[in-house]
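Me: I'm new to this one and would like to learn how to read it. Can we go through it together?

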Amino acid sequence: MLFLVVLVMFALIIIFDYNKIKIKQSKKQNIIYILLTLSSFLLLISYVFNFKIPIISHVLRKIINK
Amino acid sequence: MNKQLLTEKQIIVLIILFLFGSSVVIGIDINSEIGQDAWISLILSFVFNIPLVLIFGYIINKFPQKNIYQIIDILFGKLTAKILISLFLIHILYLGSIVLRNFSEYVEITTLSETPLLPIMMSLILISVYLSKSKIKTLGIFGNIVLAILLVTISITLILSFSIFKFDNIKPILNHSINSIFKSSFKVFMLPFSELIVMLGIADLFDFKNPSKTYLKGIIFTGIILDLILIRNITVIGIPLLKDSFFASYQATRILQLGEFLTRVEGLITINFVLAGIVKITIFIISLSKGVAYLTKNKDYTKTIFPVSLLMLGICPFLFDNVVDLFDFAPIFGIYAIPIQVILPIIIFLFCILKKEKKLIYLD
């Protein structure tokens, strides 16, 4: 499953974002986009390995109930 | 007419598909609470939506071809604008993830029961990313085709269900208290109708003369279609069965058939939901990527499409435990959504009026 996730993600990056290499963006912009991409990778990998991340709906429910 | 902008007709089509996409969720919520009076509640929720839509129209009219991020920046100054835009972006990222999860759950439950959620979510996001990366006109044309398919399938299911309509199922009318009907319609108004604010994020791609009229046309047409669908569901399978089903339309069309020639009509409903869902997720992605591009001062929003779509996908599995949790959470999310989906547009509207009184010119 993890292999599939990684494979699809890299395929997506190559298909859709190859032009990012050609067009120059500022360093700050690149760092933000890389961070966004990495964090989503981490989330997906933690899902595949069944790491427990607090479920958002439960947290919100607790906040609203208070 | 600018060829890179959406025409009035295309905007109406996108509004219809955007709202229709969420009917997967609303079907269950109103049926579970007020039974056969659900169709009245649906009409009321559209009435609630009219003032909000007029506010959206007013804002777009004041700032033609500007999106909500640019408008907030013009009205509130840099620091406040950044905070407001960030809050708005977090909200629509979360909302978009919920929508993606809804459709993935729907596909998993009705069609691909042996497939894990992740590949389904990936496939949906893949198509949406491709659509978002294409020019906005592509989305407009895709929307036209999807609406045509949608109308044909709805007509087929309505015609096929005529013979098994039981109008006794919608009686007694107004059996529930006005209070509970209003309460239910407010929930439907919050999710999905006030979600239309997401479309303000791509308002710079709109080309229309009378925004309020366009929005009104869109919601009235959607209201008629959704009410017809709801009445069909109630009259075909009745309230007790509807209460037990997560996806009412799918359940209602399962029993439809034309002799032994045409059976399994429910497949058409799945096609409807998935196609409308793709359009809806694409609108979320474009709106979100425009916001992130605006915050990071990138003029080309297509560069941010991929990171934001991935993040949407990453959040998706952690939203709910299962589909029951999803439907339990929907009404609670309505409360959480009020500040962004209702209060924020009202504040923007008030600021527009105040600034107008001060005779400030905000357009170049």
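Me: Which elements of chain A have the lowest and the highest mean pLDDT?

Reply: pLDDT is the predictor's confidence in each residue, from 0 to 100. Helices (H or I, at least four residues) and strands (E, at least two) are DSSP runs, numbered from the N terminus. In chain A, helix H2 (residues 19–22) sits lowest with a mean of 54, while helix H3 (residues 27–48) is highest at 81. This is a predicted model, where local features need pLDDT of at least 70, side-chain atom pairs count only at pLDDT 80 or more, and totals for chains, interfaces and linings use all residues. Residues are numbered from 1 along each chain as its sequence is written, chains are lettered from A and ligands numbered from 1 in the order in which they are written, and side-chain values use heavy atoms, with hydrogens and water left out.

Me: What is the mean pLDDT of chain A?

Reply: Chain A averages 71, with 58% of its residues at 70 or more. Where pLDDT is low, the predicted coordinates should not be read in detail.

Me: How many helices and strands does chain A have?

Reply: Chain A has 4 helices and 0 strands, so its elements read α-α-α-α from the N terminus on.

Me: Is H12(B) mostly covered or uncovered?

Reply: Buried means under 20% relative accessible area, exposed over 50%, partly exposed in between (1.4 Å probe, protein chains only). In H12(B), 14 of its 14 residues are buried. For chain A, 30% of the 66 residues count as buried.

Me: And why do Cys316(B) and Cys352(B) count as buried?

Reply: Cys316(B) does because its relative accessible area is 0%, and Cys352(B) because its value is 0% too.
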